[in-house]
Protein chains: 2
Amino acid sequence: MEADTPRIEEYLESIYKLQQEQHPVSTSRLAEHLKLSAPSVSEMVKKLANKRLVNHTEKGVCLTDEGNTMAKRVVRRHRLSERLLTDILGYKWDEVHDEACRLEHAISPQMEDRIALSLGNPKTCPHGHPIPDKDGVLLKEKVRPLSELKSKEKAIIVNVFEEDPKMLQYLASLGLIPDVSVLVEEVAPFGGPLIVCVSGSRYALGREVASKIKVK
Amino acid sequence: MEADTPRIEEYLESIYKLQQEQHPVSTSRLAEHLKLSAPSVSEMVKKLANKRLVNHTEKGVCLTDEGNTMAKRVVRRHRLSERLLTDILGYKWDEVHDEACRLEHAISPQMEDRIALSLGNPKTCPHGHPIPDKDGVLLKEKVRPLSELKSKEKAIIVNVFEEDPKMLQYLASLGLIPDVSVLVEEVAPFGGPLIVCVSGSRYALGREVASKIKVK
DNA sequence: ACTTCTTATTAGGTATACCTAATTCTTTGT
DNA sequence: ACAAAGAATTAGGTATACCTAATAAGAAGT
């Protein structure tokens, strides 16, 4: 009767992520995100609901308090793993996601503490996302996508909502990483590109790309 | 048709370890070591044999070249994990085994390399056991158990064949750790204790305990 | 309102890795 | 040599987590 926690963690983490965009998460979105068939997800969601980790209504799936707590613990371990990989093992930010997806299920609460301590209690992952603290408290900054800035507006990159390595490499090559200041020089009309100024250089950035960069 | 590698790795690692004591490993020993029922092990061993990872004869199970290579890769990841835990995350040597048992299945070849590099290519785990290199080459020192030394013999601790935390704590408290020099002052007859001298202090050590400490 | 399209679920099936109980095969003691 | 003990396997069964194909339920278009 006991849980295959890795699998459960995977589901909770996905639901957690998808909830940020779409509140009650549809099972089809979840299936797509987990790369599983819809029936498999349907079935598993039922089990999660039985364990009181999610509520499953007509509109979709959402985490219960308990599910949310558990999801945040996984997110914490994922992001701490990413930091361990970059800060200590010399990984680049585009190489850490997949590795962290495996590590997050192999890290004990004790190791979680030790990583946090050894890294000086980092507040964010290498992509700028906040690391929930031990009690699940998560300080989320108010951000907006870079794509929504007006011409001549200046802002600081908070995080990058992206995990594709190619894309991350591209962004890093332009210096578009957290804590960097960006000036929007010009916004081309009709959904055209943004001309941005980053640490002295000027680049044209597609809207799609710019929408993934969150700034404050 | 593809492998549940973590489980396979677990078996190979156990067989690898047990082979050091008893060459063809009996399925019952294996079952005991893995804390599984004999039939479960019997069945799994059949699968491993199908995959050409072990040879299963009347006398027992032994690793094929391929199985041995795979086992050594797991051992490498296990011991590198242990070193990561002690050297970077501040764990004590008695706290690392269980944690490493989980990590060893979540570490990619790339991460393996990075850990080794970041730690300066350590040659042994915190308990003194050699870390196989990338190609499975493993330099095994010629050792004998401390329990076999004669009175007045002096030797250097190479490794400790033990993973029980309590025991490791005890040994560490006496300073009985790898690379430390020990002098046997006296050997009590009839399987009695050894009186040993370690960094200025004198202790009485049971035979059982002493047999787990390998020296050169 | 009704058909169409999408979304979700049920039905039925597979593979993995475990279990207990029963059986067979292998030693070993007398 | 043979019975008792011990080791290993077969038989039969469970739970988990996945799948495809078929069906049902809900939303949207004319």
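Two residues are in contact if their C-beta atoms, placed from the backbone, lie within 7 Å. By that rule, the contact between chains here takes 14 residues from chain A and 14 residues from chain B. Welcome to a predicted model, in which local features need pLDDT of at least 70, side-chain atom pairs count only at pLDDT 80 or more, and totals for chains, interfaces and linings use all residues. Residues are numbered from 1 along each chain as its sequence is written, while chains are lettered from A and ligands numbered from 1 in the order in which they are written.

**Where chain A touches chain B**
- H6(A) gives the most, with four residues.
- This side of chain A has seven nonpolar, four polar and three charged residues (Ala, Val, Leu, Ile, Met, Phe, Trp, Tyr, Cys and Pro count as nonpolar, Asp, Glu, Lys and Arg as charged, and the others, Gly among them, as polar).

**Around DNA strand C**
- DNA strand C is surrounded by 19 residues, the closest being A:Ser26, A:Ser28, A:Pro39, B:Asp4 and B:Ser40 (near means a C-beta atom, placed from the backbone, within 6 Å of the strand).
- H3(B) gives the most to this surface, with five residues.
- Six nonpolar, seven polar and six charged residues make up the surface near DNA strand C.

**Around DNA strand D**
- Among the 19 residues around DNA strand D, A:Asp4, A:Ser37, A:Ser40, B:Ser28 and B:Pro39 come nearest.
- Helix H3 (38–50) of chain A, with helices H2 (27–34) and H3 (38–50) of chain B, are the elements giving two or more residues to this surface.
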